[in-house]
Amino acid sequence: MTAVKVADEHPLDAIIRADRMPHIWCPGCGIGIVMRCYAQAILDSQVPVDQHVVISGIGCSGRVAGYMNIDSYHTTHGRAIPFALGIKLAKPELMTTVFSGDGDLAAIGGNHLIHAARRNVDINVICVNNFNYGMTGGQVGPTTPRGARGTTAPYGNPELPFNLPYLVSASGANFVARWTTIHVRQIREDILYAFTRPGFTFIEVLAPCPVGFGKSNNIEDGLEEMELYRQRCVLVRDGDVRGDDLNIDLREDKPIYVGRFADWDRPPYEPVTVEMK
Amino acid sequence: MMDDRRVLTGKHFMNGDEACAEGALAAGCTFFGGYPITPSTEIAEHLARRMPEIGGVFIQMEDELGSMAAILGASAAGARSMTATSGPGLSLMMENLGLAVMLEIPCVVVDVQRGSPSTGLPTMPGQSDVMQARWGSHGDYEIVAYSPWSAQEMFDLTILAFNIADRYRSPVLILCDEVVGHMIERVVIPPKEQIDHWGRKRPKEPDNGRYEPFKVEDTDLVPPMVHAGEGYRVHFTGLTHDERGYPDMSAETHHQLVTRLVNKIRHNVDQIIRTEGYYLDDAQILVVAYGCTARSAQRAVREARQKGIQVGLLRLISLWPFPEVLVQELAEKVETIIVAEMNLGQMSREIQRATGHPVRGVFHAGGEMIPPETILEAIREAAA
């Protein structure tokens, strides 16, 4: 195979660790799209690049921390949020973003997720939801639709999934949005918006995992899943979609609601201060 | 102004948990994340009141998993940070204790031991987390653990713990017990100029993101520590990593990294280990004890001496790293070794392993202090 030089430089060279490429993600995976949106949002933000810090947990999406050329922490499974909380409270000037996956954030890290939202601690969470545990090879997780197949649910998933925007809104987050990997402009815009919002922000991005989730559930490739998103996504304008309507099952021809589900002004968490005489 | 409230110089009457909290503040701790658990709760309660006075952060986390992760994040951003717990919480902290080792993030973890396993005896003392402290997280690593025997030492050793943690970029445990935590004693807090503060080894100026944060140039094997937000654009990962901090899935890099992490403690044991000896010069019987049990042992040894028995006491102030050379030397001079501890034989196993000699144990599973009489009885039997 002959290597063809496509371009001398890439607009994101300054912010991606090019010396770590190629990345580990499979063909058709959506995580790179979301990472690209995050990188662009950092460059477009009013916050200097060196004040951005990214924290990840474990899993495919957790590898994002290692590819971003900013201060980055790849921590333990599920614990990215409390680690990020520690950074933010120790150095409030840092723009602190957790980038991780649905299994990491909502299963093993679920308790930290709801409590960080309840406290309304001033960190941003970008959650790539691909409906399964991709890195370990396609096991069902907390977002897998009931009935969908995974390597640990060969007869179909017997459990009901979380719908994450509803969970995180109910827990008290100031800003909650959901998009899919076809919504690159909206993702970037909402990450930028999240940077400006005090308190806890949560952006869920539905992303194809053709190798882990798709192959067990008759979704041919990443493109086919992107096409499903394109056909079924319905924009929510005033966040009034609740409960079961927010559930997603790619095997059923029903709407996938995307948009902003919460945008409130609850007071963010601040450490207690006292005036001493 | 705020700094004046940081070091409460003077003579105080306070319990060990409070002394530990004051020690943390005096050491410059500005971040405490914890979850209430008996018998450590007074540390959290005290810091909930005191941290705001000095402009520090107190946060009550949702659990011990989060507490441990939060103090690592705070430390990674440059703060001296601490958490406090007891056995059940320590079990949950083990996961991120391993992360602290791998990322080389300094922190102090206080374990006020109670009767265990499981929920055990929440309000009563134990010393049975000794081996969990040493081996509780998965993988090969070395840990530092100090065992105070008084409220004063809760203060003093907490300061030392922060200094050792920063110096070697390692988690350091205060492995105390309910008796020492709740005992109210005189605590003398010195003027702040007299409080040791060994800062972290820090890198030079940022160099276009090409800095290698895990490159070691000093013989102590400790790399300088970069904090979040300083422009170095560093990557920290719990995966096996190279000097750039990048994941490197090779057996060679793994062996090098883990060996260095272990050796940075092993090669510096002389700087870390603390012990105290009583009547050791001519001792034929050696009693080894630590924490509250050492108080009983000291009295037992004193009384035995009054009866003419040649017995001495080695008090372990640092449990880990274990003072192997000293114990081996002492073991060669004495006829009998007695180990008194509030568990069914943990440090005694280490002493047996190190010396190759049999050890007489004075053990109790926990719930009450081992009284001096029980240890004296063991000394008498050994002398007979």
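Which residue with a positive phi follows α6(A)? A:G172 does, with phi near 120°. The views below show a predicted model: local features need pLDDT of at least 70, side-chain atom pairs count only at pLDDT 80 or more, and totals for chains, interfaces and linings use all residues. Residues are numbered from 1 along each chain as its sequence is written, and chains are lettered from A and ligands numbered from 1 in the order in which they are written.

View 1. Helices (H or I, at least four residues) and strands (E, at least two) are DSSP runs, numbered from the N terminus. α6(A) spans residues 164–171, and six of its eight residues are buried, so the helix is largely enclosed by the rest of the structure. Buried means 20 or more other C-beta atoms within 10 Å of the residue's own; exposed means 12 or fewer; partly exposed lies in between, with C-beta atoms placed from the backbone. The buried residues are A:L164, A:P165, A:Y166, A:L167, A:V168 and A:S169.

**View 2. The contact between chains A and B.** Here 33 residues of chain A are in contact with 42 residues of chain B. Contact requires C-beta atoms, placed from the backbone, to lie within 7 Å. On the chain A side, α2 (64–67), β2 (71–74), α3 (80–90) and α5 (110–119) each supply at least two residues. The largest share, eight residues, comes from α3(A). This side of chain A divides into 16 nonpolar, twelve polar and five charged residues. Nonpolar covers Ala, Val, Leu, Ile, Met, Phe, Trp, Tyr, Cys and Pro; charged covers Asp, Glu, Lys and Arg; the others, Gly among them, are polar.

View 3. Strands pair if DSSP finds at least two bridges between them. A:H74 has B:T237 as its bridge partner in β10(B).

**View 4. Helices α3 and α4 of chain B.** α3(B) (residues 64–76) packs on α4(B) (residues 87–103) at about 30°, with the axes 8 Å apart. Axes are lines fitted to C-alpha atoms, for helices over the stretch in contact, and angles run from 0 to 180 degrees between N-to-C directions. The contact residues divide into nine nonpolar, two polar and two charged. Among them are B:L65 and B:M68 in α3(B), and B:L92 and B:L97 in α4(B).

**View 5. A five-stranded open sheet in chain B.** The strand order is β11-β13-β12-β15-β16, with mixed pairing. β11 (275–278) and β16 (360–363) stand at the edges, each with a single partner strand, so one side of each lacks a neighbour in the sheet. The twist averages 20° from one strand to the next. β12 (residues 285–289) and β15 (residues 336–341) of chain B pair in the parallel sense over four bridges. Within this pair, B:V287 is bridged to B:I338. Helix α12 (residues 347–355) of chain B packs on the sheet and touches β12, β15 and β16; its direction makes about 155° with that of β15(B).

View 6. Most residues other than glycine have a negative phi, and most peptide bonds are trans. A cis peptide bond joins B:T38 and B:P39, with omega about 0°. A:N120 is not a glycine, yet its phi is positive, about 65°. A:N120 sits in the loop between α5 and β4 of chain A and counts as buried, with 21 C-beta neighbours inside 10 Å.

Definitions and conventions
Contact = placed C-beta atoms within 7 Å.
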